[in-house]
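Biologist: I would like to learn how to read a helix and a salt bridge in a model. Could we take them in turn?

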Amino acid sequence: MTIRMSVLASGSTGNAFYIESGDEKILVDAGLSGKRIESLLQQVNIDPSDLSRILVTHEHSDHIKGLGIMARRYNLPVYANEKTWHAMEGHIGKLSLDQKFHFNMEETKTFGKLDIESFAVSHDAADPMFFTFHQDGKKVALVTDLGYVSERIKKTVEDADAYIFESNHDVSMLRMGRYPWNVKRRILGDSGHVSNEDCALALTDILTDRTQRIYLAHLSLDNNMKDLARMSVRNILEERGFHIGSHLELHDTDPKQATPIYEV
């Protein structure tokens, strides 16, 4: 059995990820309208009515905008940690008690044959966490919305077959851009977002011969470009001896277009 995955949407305007293992069809975050999420799932031939559950990383609107709609429409159980539940309940509408589940920080839950491990990240949310997915020796790591990549995070996500990894901004574009200084300072800070350069440097510490694919995620519409992110990350990786080619592939993500299903 394989892990199948798609980055349905990623960026500052909305994020949603799809992970499949056997009968388990999991939506991670729902940061777009319900209608848009349904359309993105259909792009990769997934019937939204086949979804098993929704996992939530944190309460920012670009991760929960369509959460309540999707959960109610398809009667899906929703998993988040306690602080995230408290922070988002006023923004997602009413869910029945039998749809609300806790997924604690630093916990591993098993659904079918898929083991999902949660880990803490530094970001300006109530209690943000992301996930690694494990099955039959395969590993996928979802790592975005990071202020910085700590040694603990590196240890948790190292040696994965595939990464969805934040490459949010180019530092020069951000510094020269239109954002007010307090917003720039937030993005550049330890609870903000990871730059192209810091993404690449973190990857050099965690990639192994096992890694086959990297998706560059959560790109800023104002302070980054796909070509720039890819070039910046590629250059640093190749300077450190990692060859981007047939074995290790670097892929874009998009806020409006789902990536094709990839089987790990």
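This is a predicted model: local features need pLDDT of at least 70, side-chain atom pairs count only at pLDDT 80 or more; totals for chains, interfaces and linings use all residues.

Biologist: Which residues of α9 are buried?

Modeller: A residue counts as buried when its relative accessible area is under 20%. In α9 these are Leu-228, Ala-229, Ser-232, Val-233, Ile-236 and Leu-237. Viewed down the helix axis, the buried residues of α9 fall within an arc of 155 degrees, so they line one face.

Biologist: What covers the buried residues, and which exposed residues sit on the face turned away from them?

Modeller: The cover includes α6 (171-176), α8 (196-206), β12 (213-217) and β13 (249-252). The face turned away from the buried side carries the exposed residues Asp-227 and Glu-239.

Biologist: What follows α9?

Modeller: Gly-241 follows α9, and its phi is positive, near 95 degrees.

Biologist: Now the salt bridges. How many are there?

Modeller: The rule asks for a side-chain nitrogen of Lys or Arg within 4 Å of a carboxyl oxygen of Asp or Glu. The count comes to 20 salt bridges.

Biologist: Where in the chain do the partners lie? Take Glu-106 and Arg-152.

Modeller: In that salt bridge the closest N and O atoms are 3.6 Å apart. Glu-106 lies in the loop between β6 (100-102) and β7 (108-111), and Arg-152 in helix α5 (residues 151-157), so the pair ties together parts 46 residues apart in sequence. Glu-106 is partly exposed at 47% relative accessible area, and Arg-152 is partly exposed at 40%.

Biologist: How many residues apart are Lys-154 and Glu-151 in helix α5?

Modeller: They are three residues apart, which is about one helical turn. Their side chains meet in a salt bridge of 3.2 Å, N to O. Lys-154 counts as buried at 12% relative accessibility, while Glu-151 counts as exposed at 59%.

Biologist: Which parts does the salt bridge between Asp-222 and Arg-178 tie together?

Modeller: The closest N and O atoms of this pair are 3.0 Å apart. Asp-222 lies in the loop between β12 and α9, and Arg-178 in the loop between α6 and α7 (181-188), so parts 44 residues apart in sequence are tied together. Asp-222 is partly exposed at 33%, and Arg-178 is exposed at 66%.

Conventions:
Residues are numbered from 1 along each chain as its sequence is written. Side-chain values use heavy atoms; hydrogens and water are left out. Buried means under 20% relative accessible area, exposed over 50%, partly exposed in between (1.4 Å probe, protein chains only). Helices (H or I, at least four residues) and strands (E, at least two) are DSSP runs, numbered from the N terminus. The arc is that of the directions from the helix axis to the C-beta atoms. Contact means heavy atoms within 4.5 Å.
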